[in-house]
Every structure is written in C-alpha cells, then in structure tokens.
Amino acid sequence: MRVSRLSSGIKYFILFAAALFFITPFIYTLFNSFKSEEEIFQVPQSFFPNNIIFDNYIKIFTEGFSNYFVNSAIITIVGVILITILSALAGYAFARLPFKGQDILLVALLMTITLPLAIFLIPMYLMENRLGILNTNLGLILPNVAVGLPFAIFIMRATFLSIPKEIEESAAIDGCGVFQTWWRVMLPMAKNGLIIIIIHGFYNIWGEYTLAKTLATDQASMPLTVGLTLFKGEVWAFGTLAAVIVLSMLPPIIIFIIFQKQMVEGISQGSIKG
C-alpha cells in the first residue's frame, strides 16, 4: 500500500509540475495584458499586476485589430464545417462503398499528407490570382480545406471501419438507402471521429500562418496570425500585444474544454480498435 501511494504521489507530482510548466507562460501573458507599459518594463518586474488596467483590450478594438479576429473566425468556422462534411462523406465512401481505383486514390491522399506545404504555395498563388480570389476569405478557406481534408478523410475512414457491418445491414433491411444509412445510422455512431477532426481542423486553421502570409497580402483580408506581425510600430507595445495573444489563445482553449471528453474517448476507442 505504501509503495502504491508513493507511486501515485510521484505521478501526480510529475503531472502537476508539467501542467505548471505549460500554463505559467499563459498566466504570465494574461497578467501582462492588464499592466501598463511602464509597469511591464520596470525593474525588478512584478509577476502580478500592481494596478489592473483594461486599456490594452480597449486599444485592440479601437485600432482595428478586431478585424483580424473576424477574418480568422470566418475562415476557421467555414473551413472546419467544410472539412467535417466532406471528410464524413469521403470517409464513408472509402470505408463502405468500394470503387475502382480506391487504393490508388488512398495512396495519393497519403502522399499529399507527407509532402511539404511550401511546394504548393506558388501554384496556389497563381491559381487564386487567375481566379481573382486573392486577399479574400474564400481564398484562404479553400486552401486550408484542401490541406486539412486528407488527414480528416483517413480519420473518418478508420472510424467508419470500426463500426460493425451488421448495423449497416440492419439499416438496409429496414429500407434505408446509402445516404439515409450514412446520415441516420453511421454518422451519429461516428461522433468521436467527428470531434477529433473538428478539434484538429480548428487548431490548424486558426493558427495557420504560411498560407495566410502568402495569399493575404492586403491588410484588410489578413487573419489574426498575419495581423500580429503588423503589430510592431516604432516600439513594441507589449501590453497590447499580450492582450491580443490572450484573446487569440482563448478560442482553442474553449474548444478543447468543450470537447475534451469526446476527444479522449475517440483516441481511446481508436487505440483499442487498433
């Protein structure tokens, strides 16, 4: 019993230390967002704010930085919705609807995952320039969907393969067609897989920088990741920068808190099936 308690205590201590190590920078940035520039640069610097101010957050919305948040929100939400719908359809087709050339197409999708993003930047730029969608939200949504879709398809394919065929056969006996079986039977049972690709897609699109830097050269169309690079004037306004960073980190944190249970269940289910 003593050995077991000691082992549990060591595990909890390691977990607490790791959590403290990762959360401290966020807490430090959060406190700095409520400090004035003078207090941030004072020596020695205090960890906690001496006088809490909200000027940094007010400055974000009065100087137009809220536009970057709006752009990022539109690109991320629409992109995640498209990835979820398309991957659910394609994943079901690969798992349950065999067709000619299926294996070749799967290999091609796998190859796109392994290729570096940089080799697609110039073709994407030329294509969007010809279509006239540079510096638009659509011009960022479509590339993000194209980049995130192959991985999402593999996740949904594995999720649908883990569902017993007998359930699908029972739906067919009841008179359900292919689309009805997918929508009413298979999709609700693939909830954990959907949660994984929603979280994965949200994180990747919200924090994406390379595509946005290449395809959004107009300041009005820039998402948050690129807009932050324009934040520096003659000197860094570290207080306002800290406020922007805090606001940019909140959506991914909220998404994880909401879906953490389903995400853990999905990962556990995948490991058990494997």
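Me: In which helix is the place of tyrosine 92?
Reply: Tyrosine 92 has its place in helix H4, where a helix is a DSSP run of H or I with at least four residues, numbered from the N terminus. The model is predicted: local features need pLDDT of at least 70 and side-chain atom pairs count only at pLDDT 80 or more, while totals for chains, interfaces and linings use all residues. Residues are numbered from 1 along each chain as its sequence is written, and side-chain values use heavy atoms, with hydrogens and water left out.

Me: Why is tyrosine 92 called buried?
Reply: The relative accessible area of tyrosine 92 is 4%. Buried means under 20%, exposed over 50% and partly exposed in between, with a 1.4 Å probe and protein chains only. Tyrosine 92 is therefore buried.

Me: Which residues does tyrosine 92 touch, not counting residues up to four places away in sequence?
Reply: Contact means heavy atoms within 4.5 Å. With residues up to four places away in sequence not counted, tyrosine 92 touches Leu97, Phe160, Glu168, Val178, Thr181, Trp182 and Met186.

Me: What makes methionine 189 partly exposed?
Reply: Methionine 189, found in helix H9, has 41% relative accessibility and therefore counts as partly exposed. Beyond its neighbours within four places in sequence, methionine 189 is in contact with Ile163 and Ile167.

Me: Which residues make the nonpolar surface patch of about 620 Å²?
Reply: The patch is made by Ile77, Ile81, Ile85, Leu89, Phe179 and Trp183. Helix H4 (66–96) and helix H9 (178–189) are the elements that give two or more residues to it, and H4 gives the most, with 4 residues. Members of a patch need over 30% relative accessible area and no salt bridge, with nonpolar side chains joined within 5 Å and like charges within 9 Å. A salt bridge is a side-chain nitrogen of Lys or Arg within 4 Å of a carboxyl oxygen of Asp or Glu. Isoleucine 85, in helix H4, has 45% relative accessibility and so counts as partly exposed.

Me: Why is the aromatic pair of phenylalanine 41 and phenylalanine 238 called edge-to-face?
Reply: Rings of Phe, Tyr and Trp (its six-membered ring) pair if their centres lie within 6.5 Å; planes under 30 degrees apart are stacked, over 60 edge-to-face, and the rest tilted. By this rule the count comes to 13 aromatic pairs. Phenylalanine 41 and phenylalanine 238 are 5.5 Å apart, centre to centre, with 70 degrees between the planes, and form an edge-to-face pair. Because phenylalanine 41 lies in helix H2 (residues 37–41) and phenylalanine 238 in helix H13 (residues 238–273), the pair ties together parts that are 197 residues apart in sequence.

Me: What makes the aromatic pair of phenylalanine 202 and tryptophan 206 stacked?
Reply: The two rings are 5.9 Å apart, centre to centre, with 5 degrees between the planes, and the pair is stacked. Both residues lie in helix H10 (residues 191–206), 4 residues apart, about one turn of the helix.

Me: Which residues touch the most other members of the largest nonpolar core?
Reply: Ile60, Met156 and Phe160 do, out of 44 residues in this core. H4 gives the most to this core, with 8 residues. A nonpolar core is a set of buried Ala, Val, Leu, Ile, Met, Phe, Trp, Tyr and Cys residues joined through side-chain atoms within 4.5 Å.

Conventions
Areas by Shrake-Rupley, 256 points an atom, 1.4 Å probe, with all protein chains shown as cover.
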